[in-house]
Amino acid sequence: MPMPRKTAAIGANSHLPPDAVADRSRPQALPQAAPAGMDLSKKPEIVAIVVAAGRGERAAHSGSDVPKQYRPVGGVPLLARTIHALAAVEAIDQVIPVINRDHVALYQSIGLTHPKLLPPAIGGASRQASCLAGLEALAADPPEIVLIHDAARPFVDAQLVGAVLMALE
C-alpha cells in the first residue's frame with residue numbers, strides 16, 4: 001500500500017513551545033490564511049484524518065448513550081466542530097473522518113458538507129486500527145502529508161496545524 005511521505009498526530013502538543021499553542025480556554029475565530037512562514041506555492045498535498053470511531057464509553061457516565069464525538073457543544077456536535085476547524089485551515093486540502101460502522105446513521109444525521117470533506121472511512125476495533133483504516137482509504141491516491149486528529153478535540157486551529165507542519169519539514 002502506498003503510504004504518505006509524512007504522518008503526524010495533531011493535539012499532543014506538550015512538545016511544542018508555549019507560543020505554538022493557542023489559548024484553548026475560550027472559543028476563537030479560526031484563521032483562514034496559511035500559518036506564518038508556510039509557503040503554499042510549493043505546498044505538498046495535506047490530508048487530515050479525523051478519528052471518530054470510538055464508542056465514548058468513558059464519557060457514558062453523563063447519562064447519554066450518544067458517543068461524545070456526536071454530542072453537541074454550543075449546539076454543534078464535536079465531530080462537526082472538529083471537521084469544520086480543520087477544513088478552515090488553508091494548508092489542509094482534504095479531511096476524511098473515520099467513523100464506527102454502528103454510527104453511520106449518527107454521522108449522516110449531523111449533515112456535514114464541505115468541499116474538502118471526503119466520504120467517511122469505517123474504523124476498526126482500536127484507535128490504531130481506525131488510523132490504519134483512514135490511511136488505507138487514502139491509499140489509491142496518497143497525499144504527501146497526513147495529519148491525524150481526534151474528533152473529540154474541536155479547538156484545533158491554523159496556528160497548531162502550522163506548528164506541526166513546520167516540525168515535519
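The following exercises, each with a worked solution, concern a predicted model of a protein.

Residues are numbered from 1 along each chain as its sequence is written. In this predicted model, local features need pLDDT of at least 70, side-chain atom pairs count only at pLDDT 80 or more, and totals for chains, interfaces and linings use all residues, while side-chain values use heavy atoms, with hydrogens and water left out.

**Exercise 1. Determine how many helices and strands the protein has, and in what order the elements run.**

Step 1. Helices (H or I, at least four residues) and strands (E, at least two) are DSSP runs, numbered from the N terminus. The protein has 4 helices and 7 strands.

Step 2. Read from the N terminus, the order is β-β-β-β-α-β-α-β-α-β-α.

**Exercise 2. Describe strand 2: is it mostly covered or uncovered, and which strands does it join?**

Step 1. Buried means under 20% relative accessible area, exposed over 50%, and partly exposed in between (1.4 Å probe, protein chains only).

Step 2. Two strands pair if DSSP finds at least two bridges between them. Strand 2 is joined to strand 7 by 6 bridges, and these strands run parallel. Another 6 bridges join strand 2 to strand 5, also in parallel.

Step 3. Ala48 has Leu147 as its bridge partner in strand 7, and in strand 5 Ala48 stands opposite Val95.

**Exercise 3. Identify which members of the largest nonpolar core touch the most other members, and which elements supply the core.**

Step 1. A nonpolar core is a set of buried Ala, Val, Leu, Ile, Met, Phe, Trp, Tyr and Cys residues joined through side-chain atoms within 4.5 Å. The largest such core has 30 residues, of which Leu79, Leu86, Ile92, Val95, Leu147, Val161 and Leu165 touch the most other members.

Step 2. At least two residues of this core come from each of strand 2 (46-52), helix 1 (78-87), strand 5 (94-99), strand 7 (145-150) and helix 4 (158-168).

Step 3. Another core, of 13 residues, lies apart from it and includes Val51, Leu118, Ala121 and Leu135.

**Exercise 4. State where Val73 is found and which residues Val73 is in contact with, leaving aside its neighbours within four places in sequence.**

Step 1. Val73 belongs to strand 3 (residues 72-73).

Step 2. Contact means heavy atoms within 4.5 Å. With those neighbours left aside, Val73 is in contact with Leu78 and Arg81.

Step 3. Val73 has a relative accessible area of 34% and is therefore partly exposed.
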